[in-house]
Amino acid sequence: MTGHENSFSGKVAMVTGGGSGMGRATALAFAAAGARTVVIDLSDETGRETADLIKERGGEAIAVRCDVTRSEDVKAATDATIAAYGRLDAAFNNAGLEHGLIAAADISEAEFDRIVDVSLRGVFLSMKYQIPFMLANGGGAIVNTASAAGLIGFKGQAAYTAAKHGIVGLTKSAALDYARQKVRINAICPGIVDTPMMDRVTGGTPEGRAGTIAMEPVGRMGRPEEIADSVLWLCSDAASFVVGHALSVDGGMATGHFGER
């Protein structure tokens, strides 16, 4: 990572879904840039692993288990952040789920609710409890994970795409609610990124990976660290005039409308 070193010194950052993939990379990046970092994850084990990696590299972090679909969990995780560090300056609301390829009418109601609850409601609840503490600080920055699927349609991905479009709309409206109070809210729209989630999507096979990579105009998957750099920029003072934006970091996927393949 370059360009953000020490820019978050004295600040506190929270990352949901911080136990792996883009969340872990971003938690490590916040810590490397000087932030005290709170790693939020449904898994105690992976959350602690991320926090331990931060500590091994000389940073300061705590891990908090949280189910982002449960209001009481999200409130408790945010309260734990304030109890540990006294403030909240930046948040990356990254927890989310994928589903297999399935036509819209064949998606069960339970599966639709599961995807929307984690990916969309989880972002809403996270902001609901984060924003008051940022207002008390005099400002802050939030980045929500949407997707290239928050910008275009993908065949066989109706529930996921609906949730990610919802995150973009939620982000834009919330950003307008708090812009004058110096809480900046933006979204990031990753393309295909080499994470454990993508391993599940591709089946982890060379053939599955090759077929997925073929959807990327740049001819490769993104790296979690590339997403982390973009999140840190959006949360930094360098992006102080960026409000309510859905930033594509997708290798050109949305531009090329590869969702029609």
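A163 counts as buried, at 1% relative accessibility (buried means under 20% relative accessible area, exposed over 50%, and partly exposed in between, with a 1.4 Å probe and protein chains only). This residue is found in helix 5, where helices (H or I, at least four residues) and strands (E, at least two) are DSSP runs numbered from the N terminus. Leaving aside neighbours within four places in sequence, A163 is in contact with I115, V116, S119 and L120; contact means heavy atoms within 4.5 Å. G204 is 41 residues from A163 along the chain, and their C-alpha atoms are separated by 25 Å.

A word on the model before we go on. It is predicted, so local features need pLDDT of at least 70 and side-chain atom pairs count only at pLDDT 80 or more, while totals for chains, interfaces and linings use all residues. Residues are numbered from 1 along each chain as its sequence is written, and side-chain values use heavy atoms, with hydrogens and water left out.

**The chain as a whole**

The chain holds nine helices and seven strands. Its C-alpha trace spans about 45 × 35 × 35 Å along the principal axes. A compact globule of 261 residues would have a radius of gyration near 18 Å, and the chain agrees with that at 17 Å; the radius is taken over C-alpha atoms, and the globule rule is 2.2 Å times the number of residues to the power 0.38. Of the 261 residues, 50% count as buried. Among contacts in the chain with a separation of 6 or more, 73% come from residues 24 or more positions apart.

The accessible surface comes to about 11500 Å², and 53% of it belongs to carbon and sulfur atoms. These areas come from the Shrake-Rupley method with a 1.4 Å probe, and for residues only the protein chains shown count as cover. As for charge, there are 24 positive and 30 negative side chains, and the centres of the two sets lie 5 Å apart. Lys and Arg count as positive and Asp and Glu as negative, with His and the chain ends not counted; the place of a charge is NZ of Lys, CZ of Arg, CG of Asp or CD of Glu.

**Cysteines and D73**

A search of the whole structure finds zero disulfides, a disulfide being a pair of cysteine sulfur atoms within 2.5 Å. The sulfur of C66 is 18 Å from the closest cysteine sulfur, in C235, so it is too far for a bond. C235 is likewise in no disulfide, and its nearest cysteine sulfur, that of C189, is 15 Å away.

C66 also turns up beside D73, a residue of helix 3 (residues 71-85). Leaving aside neighbours within four places in sequence, D73 is in contact with R65, C66 and D67.

| Residue | Relative accessible area | Class |
|---|---|---|
| C66 | 4% | buried |
| C235 | 6% | buried |
| D73 | 16% | buried |

**Two loop residues**

G153 sits in the loop between strand 5 (140-145) and helix 5 (158-178). It is partly exposed, with a relative accessible area of 38%. G153 and I107 are 46 residues apart in sequence and 16 Å apart in space, C-alpha to C-alpha.

K182 lies in the loop between helix 5 and strand 6 (183-190), and counts as exposed at 60% relative accessibility. Most residues other than glycine have a negative phi. K182, although not a glycine, has a positive phi of about 65°.
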